[in-house]
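Reader: Hi! I'm new to reading protein models. Could you walk me through this one?

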Amino acid sequence: MEPLGNKIKKIRLEKDLKQSALHPNQSAIAQIEGGKNKKPSPTTIQTIAQSLEMTMEELVKDTDWKAPESMVEEGKYGYSELDFDLKILEDGKIEIQFRQYPRYDSNGLENKYCPTTSSRLLFECKKCKKPIASNKQIFCMGCGEKVFQSAGFKTMDEYFNKFNWSDYGLEKRIAHQKSLRSINPFDEILAEELAMEHQTNFDIEKDKTWIFAQTINNQSKLEWLISFLQIDSLTLYNYDDFRSFKPEYLLQRISEDRDKREVVIIDFEGINSWLSITKEEDRILDFDDYCKGIKAKNERIYNFHVNMEFQEKLYQKMADELKRRLNYTKDNLIALNEEEE
Ligand SMILES: [Zn+2]
């Protein structure tokens with residue numbers, strides 16, 4: 001095991017660099033190379049490695065340096081707000097589990113972003129900053145606020161209730177979605193499917209509430225539900241039939257016609273009334289930051305997009321779960337028919 005300081009000095013001299021070229025604090029390098037500081041922090045080593053044009057892993061390999069144990073073994077995790085597993089149980093209960101990632105890698109460097117969605121990892125309550133203990137936690141133990149994004153319903157029946165699902169209500173939704181889809185650029189394929197499915201007859205029972213236990217055994221209702229969940233997933237940013245506040249859509253409109261920028265921005269400012277923002281200081285006016293989506297710098301804009309993306313994924317994952325159920329139901333029907341023959 002070579003002392004880390006020796007290795008740094010050797011590579012530095014090979015590259016003909018001064019100590020001050022490795023780190024803004026030259027005396028820190030002198031102490032490390034001289035063996036006075038045997039435990040430099042992971043971030044210091046990372047800076048040195050970058051200056052030597054190598055990775056931190058390459059630099060610490062075969063040396064006596066070890067990542068501080070407290071960081072590796074603290075057992076702390078960061079949670080992704082946008083990467084989660086969703087299950088719909090037999091009784092309609094919806095289970096959501098957010099993925100967790102170790103806070104520090106084996107070299108003690110902090111993991112900051114979710115590797116699949118690029119959202120910031122959540123380590124602590126957004127409100128009171130108390131660390132999150134597990135992904136099973138619903139409320140913060142420090143302030144009682146919800147720690148993770150939440151669906152707003154815990155079972156499929158609650159979902160039906162929240163959105164007033166009834167046979168009759170469904171007919172009205174079909175009419176509304178048909179008017180929406182002619183303008184929204186994001187759901188053309190789905191809309192075509194919807195229009196096709198609309199040809200089939202649906203039994204209208206005015207104000208009869210949907211119940212999950214009945215729906216899962218009714219193929220046509222299940223198919224309707226799946227197509228609506230997918231459309232909901234794609235049209236969340238829609239204010240009305242004519243306006244979408246999805247960043248891609250706003251940017252697309254501008255790229256089509258540069259002169260349109262001002263018109264699009266005036267339209268964008270309407271987002272404040274859509275979000276029912278009345279206080280001047282709460283208004284979202286930074287168009288460019290807004291259009292960065294979850295890369296936005298402003299905390300409120302970031303949280304807004306994270307919530308929207310969460311809901312997009314939520315509805316899509318619910319649809320996927322029900323699709324599995326639908327195939328299962330179809331297979332069962334085929335098996336039943338075969339038995340009869
Ligand atoms: Zn809290």
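This is a predicted model: local features need pLDDT of at least 70, side-chain atom pairs count only at pLDDT 80 or more; totals for chains, interfaces and linings use all residues.

Reader: OK! How many bridges join E1 to E2, and do they run parallel or antiparallel?

Author: There are 8 bridges between E1 (residues 77-88) and E2 (residues 94-102), and the two strands run antiparallel. They form a hairpin with 5 residues between them. In that turn, Gly-92 has a positive phi of about 90 degrees.

Reader: Let's look at a helix then. Which residues of H1 are buried?

Author: In H1, which covers residues 4-14, the buried ones are Leu-4, Gly-5 and Ile-8. Looking down the axis of H1, you find them within an arc of 100 degrees, so they line one face of the helix.

Reader: And which exposed residues are on the face turned away from that buried side?

Author: That face of H1 carries Lys-10, Leu-13 and Glu-14, which are exposed.

Reader: What covers the buried residues of H1?

Author: The cover includes three helices: H2 (26-33), H3 (42-51) and H4 (56-60). After H1 comes Asp-16, which has a positive phi, near 60 degrees.

Reader: You mentioned H2. Which of its residues are buried?

Author: Ile-29, Ile-32 and Glu-33 are the buried residues of H2. Their arc around the axis is only 90 degrees, which puts them on the same side of H2. H1 is part of what covers them.

Reader: Switching topic: at what angle do H11 and H12 pack?

Author: H11 (residues 247-256) and H12 (residues 261-269) pack at about 160 degrees, and their axes are 9 Å apart. An angle over 145 degrees counts as roughly antiparallel, so that is how H11 lies relative to H12.

Reader: Which residues make the contact?

Author: From H11 it's Leu-250, Arg-253 and Ile-254, and from H12 it's Arg-261, Val-264 and Phe-268.

Reader: Last one! Is the crossing of H11 and H12 left-handed or right-handed?

Author: H11 passes H12 in a right-handed crossing.

Key. Residues are numbered from 1 along each chain as its sequence is written. A residue is buried if 20 or more other C-beta atoms lie within 10 Å of its own, exposed if 12 or fewer, and partly exposed in between; C-beta atoms are placed from the backbone. Helices (H or I, at least four residues) and strands (E, at least two) are DSSP runs, numbered from the N terminus. The arc is that of the directions from the helix axis to the C-beta atoms. Two residues are in contact if their C-beta atoms, placed from the backbone, lie within 7 Å. Two strands pair if DSSP finds at least two bridges between them. Axes are lines fitted to C-alpha atoms, for helices over the stretch in contact, and angles run from 0 to 180 degrees between N-to-C directions. Angles under 35 degrees count as roughly parallel, over 145 as roughly antiparallel, 65 to 115 as roughly perpendicular and the rest as oblique. A crossing is left-handed if the near helix is turned anticlockwise from the far one by less than a right angle, and right-handed if clockwise.
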